[in-house]
Amino acid sequence: MRYHVGSLEREKLLELYKGMLKPRMIEEKMLILLRQGKISKWFSGIGQEAISVGVTQALKESEYILPMHRNLGVFTSRNIPLNRLFSQWQGKQSGFTQGRDRSFHFGTQEYKIIGMISHLGPQLGVADGIALADMLRRKKRVTAVFTGEGATSEGDFHEALNVASVWNLPVLFCIENNGYGLSTPTNEQYRCENLADRAKGYGMESRIIDGNNILEVYTKVDELCKAIRRRPRPVLLEFKTFRMRGHEEASGTKYVPEKLMREWGKKDPISNYEDFLLAEGVLTQAYIETLKEEITEEINSNLQLAFDEDEVSSVESKELKEVYHGFDYQHIETKLESKENIRFVDAISQGLEQSMYRHNELIIMGQDVADYGGVFKITEGFVPKFGKSRVRNTPICESAIVSTAMGLSINGMKAVVEMQFADFVSSGFNPIVNYLAKVNYRWNEKADVVIRMPCGGGVGAGPFHSQTNEAWFTKTPGLKVVYPAFPDDAKGLLNTAINDPNPVLFFEHKGLYRSIKGDVPTDYYTVPFGKAKLLKEGKALTVVTYGAGVHWALEVLEKHPEIDADVLDLRTLQPLDLESICQSVKKTGKLIVLQEDTLFGGIASDISAMVMENCFEYLDAPVKRVGSLETPVPFAKSLETNYLPKNRFESELVELYQY
Ligand SMILES: Cc1ncc(C[n+]2csc(CCOP(=O)(O)OP(=O)(O)O)c2C)c(N)n1
């Protein structure tokens, strides 16, 4: 291996050596503990240390770095106390996730390290968001993010690079090409000669770097970082290296040809560099021994601290509470008397606009949201007021944009993402349910993101522009789900959603956008989550519903003045106002729940179950659930009318009344 010292000082040469030695020695210790059954799983980065260490040392401490599962050298280079790392791997309290997640699956703002989720790819979009926040604040910073060559096959890789390129974000995309993704060799993973070649397709610069040569890694990355700080832009780096051990220890390396192992064994980044430094007189054997003794002592004493720590115990109330980030809801009443009779769509637009004035680091992202104003014109006229840097048109890449929103939040900003239609959220599903929803529980990080969801049927739009898919999200702990039915609620709840540091899915029924009007206070105000609204009071039975269902229920009841009903508009589904539901059921003794979504697995089923569990003795009839037919949403009017539950609701309501 050829080393070019260039202008590097002796101190730096040693720092790089020490930087690599520590993770290697920690790993060697971990392998022993694994064989002794003292730790559960290990993903080895042996042979790849030069990349983690070289890249991290080239960054400033104030710059974020987003490592993967083989980047122990990132963590040690940022000087995380080893006992905390060991406790993390043992699932103990002093770790970074209090036993809630394993291995390198955590982040820490203190050390500006943002760890991965298992799904690999979302990491890249998160880096985009972090870099976007730096760019918007005109901070001359680089964000570095890692991926293996296997994960470059994920759509997230393509999406994140494309976004970074279109927006010219200062991200260093670091591919560690170590030959295998689990057992899959590179020729079964991609067909281009070098992954770096892909950069051209994104209109991006790239470099190929010998990932086993620490001086090459450090010098080239350092040079690039300086250049990117001067002139922000994304760069794709492909580090050529090799995975010297199994995917994880249990899976072995039988599928790797011996010859490859031998060849790459000769290119070990540490022993080669050590020989070079010895030959140059920068290192001596005696100094190596001293260093190793110091590191061994550091490892052993910190391991002892971790082993001495008690196992974590589960306090149920704490576990439940920490699914969500703390939010001190501020109730803001409207100060003015003035109200305006406006449409549902206008109320949402007004709330969003007033929130943009209130939070100057709130960023709106979505397809066609800038000059075009979004397909439903919610953001029409926003660009002249807030500029294109805050009202951002995105490429068609829901997954990367949700991840980018997560990155903005990590770097202290707020984001509202407009799904063009709620149906398309399926293309951004992974980061919502796996990253945003779980991040607070895992490592106490907020996900200050609102996802606006124009949803619902009755508009003749067929299976892919009509769904009301709230049940995909009410199932997932960590998300809040809001679903207003009236303009004044829509505005106040959207304001609250934007104030709330937790991820909120904000459902906006398209059918209501231009058909429903109401008096809406003209100035800023908030409406609390978790409080249903009693729209109509009666004694005969309780109707619980939300969204378009509210209007259907009111219409049907108007046709049946004999049915004296309580009508409860839920307004938010997570948190759910079970108290108000039970209070009403205890009074009326009968409950019918109406939802627009297909019935099976929807919120109506859960409400029904909870009412049976909590107020069975008060019930005078079985709880009824009414929802859409168990089919996709059909296009033709007659089919869609029969699909939707409005007509069935009428007959079921009458039946319950007569029970
Ligand atoms: C979306 C997703 N699919 C599959 C997996 C299982 N898995 C975890 S790591 C891995 C291989 C990754 O290969 P690569 O990106 O090259 O990184 P390496 O492990 O080689 O460092 C696979 C298949 C996963 N975690 N997430």
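How far is an oxygen atom of the ligand from a polar backbone atom of G150? In this predicted model, the gap comes out at 2.7 Å. The legends below start from the whole chain and then go in for the details.

**Figure 1. The whole chain, built from 25 helices and 23 strands.** Before zooming in, here's the overall picture. The radius of gyration is 28 Å, close to the 26 Å that the globule rule gives for 659 residues, so the chain is as compact as a globular protein of that length. Taken along the principal axes, the box filled by the C-alpha atoms is roughly 95 × 55 × 50 Å.

**Figure 2. The ligand and the 13 residues that surround it.** The closest ones to look for are H69, R70, S118, G150 and Y180. By type, the shell splits into 8 polar, 3 nonpolar and 2 charged residues.

**Figure 3. Backbone atoms of S118, G150 and Y180 facing the ligand.** S118 puts a polar backbone atom 2.8 Å from a nitrogen atom of the ligand. On its own the ligand has 580 Å² of accessible area, and the protein covers 69% of that.

**Figure 4. An open sheet of 5 strands with mixed pairing.** Read across the sheet, the order is β18-β20-β19-β22-β23. The two edges belong to β18 (533-536) and β23 (624-628); each has a single partner strand, so one side of each is left without a neighbour in the sheet. From one strand to the next, the twist averages 25°. As a quick reminder, strands of a sheet pair through backbone hydrogen bonds, either parallel or antiparallel.

**Figure 5. Strand β22 alongside β23.** Here we're looking at one pair from that sheet. β22 covers residues 591-598 and runs parallel to β23, with 4 bridges joining the two. To get your bearings, find V593, which stands opposite R625 in β23.

**Figure 6. A cis peptide bond between Q574 and P575.** Omega for this bond is about 5°. P575 sits in the loop between β21 (572-574) and α22 (578-588).

**Figure 7. N168, a residue with a positive phi that isn't a glycine.** The phi angle of N168 is about 55°. You'll find N168 in the loop that links α6 (155-167) and β5 (171-177).

Note on methods. Residues are numbered from 1 along each chain as its sequence is written. This is a predicted model: local features need pLDDT of at least 70, side-chain atom pairs count only at pLDDT 80 or more; totals for chains, interfaces and linings use all residues. Side-chain values use heavy atoms; hydrogens and water are left out. A residue is near a molecule or strand if one of its heavy atoms lies within 4 Å of it. A polar contact is a pair of N or O atoms within 3.5 Å; within protein, one must be able to donate a hydrogen and the other to accept it, and residues adjacent in sequence count only if both atoms are side-chain atoms. Accessible areas come from the Shrake-Rupley method with a 1.4 Å probe; for residues, only the protein chains shown count as cover. Ala, Val, Leu, Ile, Met, Phe, Trp, Tyr, Cys and Pro count as nonpolar, Asp, Glu, Lys and Arg as charged, and the others, Gly among them, as polar. Two strands pair if DSSP finds at least two bridges between them. Axes are lines fitted to C-alpha atoms, for helices over the stretch in contact, and angles run from 0 to 180 degrees between N-to-C directions. The radius of gyration is taken over C-alpha atoms; the globule rule is 2.2 Å times the number of residues to the power 0.38.
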